[in-house]
Amino acid sequence: MKVIELHNVSKRYGEVQALSDVSLSVEPGEVMAFLGPNGAGKTTAIGIMLGLKTPSGGTVRLFGQNPESPQVRGRVGVMLQESGVPESLTTEELVRLFGCYYPYTLPVEEVLRRADLLEKRRAFVRQLSGGQRQRLYFALSIVGDPDLIFLDEPTVAMDVEARRAFWEQVRGFAALGKTILFSTHYLEEVDSIASRVVVLHQGQVLKSGTPAEIKSLVAAKTVRLKTELSVTAASQYPGVERAERENGHLVVYSNTPEVFLERLFREGHAVADLTVKDTDLEAAFVRLTA
Amino acid sequence: MIQQPEIVISNLPERRLSPTAQKSGHIAAMVLEQMKAEVSSYWRVPEFLVGTVIIPVLLFLMFGASVGGVLPQGTSVKALMMASFAAYGVVNLAIFTFGGDIAAERGQGWLRLMRATPIPPWVYLIGKFALVTLFGTAILLVVFVAGLLSGVRLGLEVWAKAFFTLLLGSLSFSTLGFALGFLARPRAASTIANLVFLPLSFVSGFFFPLNQLPQFVQHLAPYLPTYHFGQLVWSSIGTASDVARFTAQPTGDALGHVLWLLGGFMLFGVLAVYGYQRDRGQEMR
């Protein structure tokens, strides 16, 4: 039995086609990532899977049933973007309250530990920082011991270190045999945890595959520099997925830019105006579809 | 053609429970925790306490406590004024809790998050009712104590009758609040509630006795559910003829006033259901 099944799901908002013909299925225990730039349709797709939005066409099944059925809701946890919670409750009170909503619950102590909130258990929600708040939402998503959790861009307000720690917590929960579907626009995040990646772009499934397959299509880092090295030569360097010339700069796409740069410096090439940045997914996908 | 009922076989796969998972989700526990959460979360907001509990008693102390006089059949005007400000207080609470807070929680996305959980929506509403009942009791106790201290003397059964009339009557305005909570834009709800409720209180005679207000206000009052609420409350304290003097209106039958409250409850209930469905529809769109 599939945990999630979408069949030709589409969604229109007036003139805007937010999703078109999305079909996918997720097996028990899978950790699946929705990867795509802002506006790709990730949040809409998650809303439809949760039964919070009605699709304009197609069918959705969670555990073989309508996502709005109470039995399904009882085994699904969720972390939405921008969900406010009562500000004058403490972290612990809110987690306990949410636990009551579900047919099964994990001990509050364990949930707080898994979300790294033990020290903040008596803090009011309004006193939490952005990152702590995200961890609280994570805690709420797991307190019902769900078989399936949805995490919609969970790390969006976190710095690099917080993100790393957060995925560690998610991994801990996934290890219980849970199915997880999360969305992100950080390519490196899919690598650390997902077993499968679905690339969404302009409401369509652009590619689906293992993180390694996706990363070979879209390299995580973009290196931009002035050098006399040619595009053809650069393409042969280790760790380089693709190279091109743009406005007099050499642009290299790589998942391991340090390997490329190390070789570049060792060979004594003249280098000026060097920048290394996360690849702009929007641009990368436009290139993929071209 | 006979339609075959669709047979749904509940064949959900086995749960993958964690070793530490415990049984939960008993409806009674859910209701209790929801009520506890509502009450403790609002109890901790001083602005909410001041706005709902302190303001009615302040208004009474400023405008009602120094009023003297006894009506022909012996009803104290001060006691009626105390009841007016208590009525203002509890209806205000109902409209703002059911209206303003629901609108705010809708705006924050708290309701959306709850919708994604198995909690039935009525449990959420029960939590709000618990909040209104408890804070309503607090408002009434504070206003009654202020009345007592400023010289209002009533028999024990009169105090009790006034208390329950006020508390039960205020709950009939819950649907007006719900309608507001689901129809108004979240940021506008409190303002709209004030715009609706302040004139309503004034025209119904909660701030000044109706016999001191212009004639057109006196003519308007009998068309407002809040006025009929006031009639029930004043009549729980004074005799019919004294209340008629106080309001410059014939007091009429209690049943008539109750029907007005029920009518308002149902009319706004229909609006509230419409608003709820419209909001849900907008979210689902």
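Why does B:Ala162 count as buried? B:Ala162 has 25 C-beta neighbours inside 10 Å and therefore counts as buried (20 or more other C-beta atoms within 10 Å of its own; 12 or fewer is exposed, in between is partly exposed; C-beta atoms are placed from the backbone). This is a predicted model, in which local features need pLDDT of at least 70, side-chain atom pairs count only at pLDDT 80 or more, and totals for chains, interfaces and linings use all residues. Residues are numbered from 1 along each chain as its sequence is written, and chains are lettered from A and ligands numbered from 1 in the order in which they are written.

B:Ala162 sits in helix α6 of chain B (helices are DSSP runs of H or I, at least four residues, numbered from the N terminus). Leaving aside residues up to four places away in sequence, B:Ala162 touches B:Ala83, B:Val233, B:Ser236 and B:Ile237 (contact: C-beta atoms, placed from the backbone, within 7 Å).

Elsewhere in chain B, helix α2 (residues 46-63) packs on helix α3 (residues 77-108) at an angle of about 155°, with axes 9 Å apart (axes are lines fitted to C-alpha atoms, for helices over the stretch in contact; angles run from 0 to 180 degrees between N-to-C directions). The angle therefore makes α2(B) roughly antiparallel to α3(B) (over 145 degrees). From α2(B), B:Thr52, B:Pro56, B:Leu59 and B:Phe60 take part, meeting residues of α3(B) that include B:Phe85 and B:Phe96.

Key: Helix = DSSP H or I, 4+ residues; strand = E, 2+ residues; numbered from the N terminus. Parallel < 35°, antiparallel > 145°, perpendicular 65-115°, else oblique. Contact = placed C-beta atoms within 7 Å.
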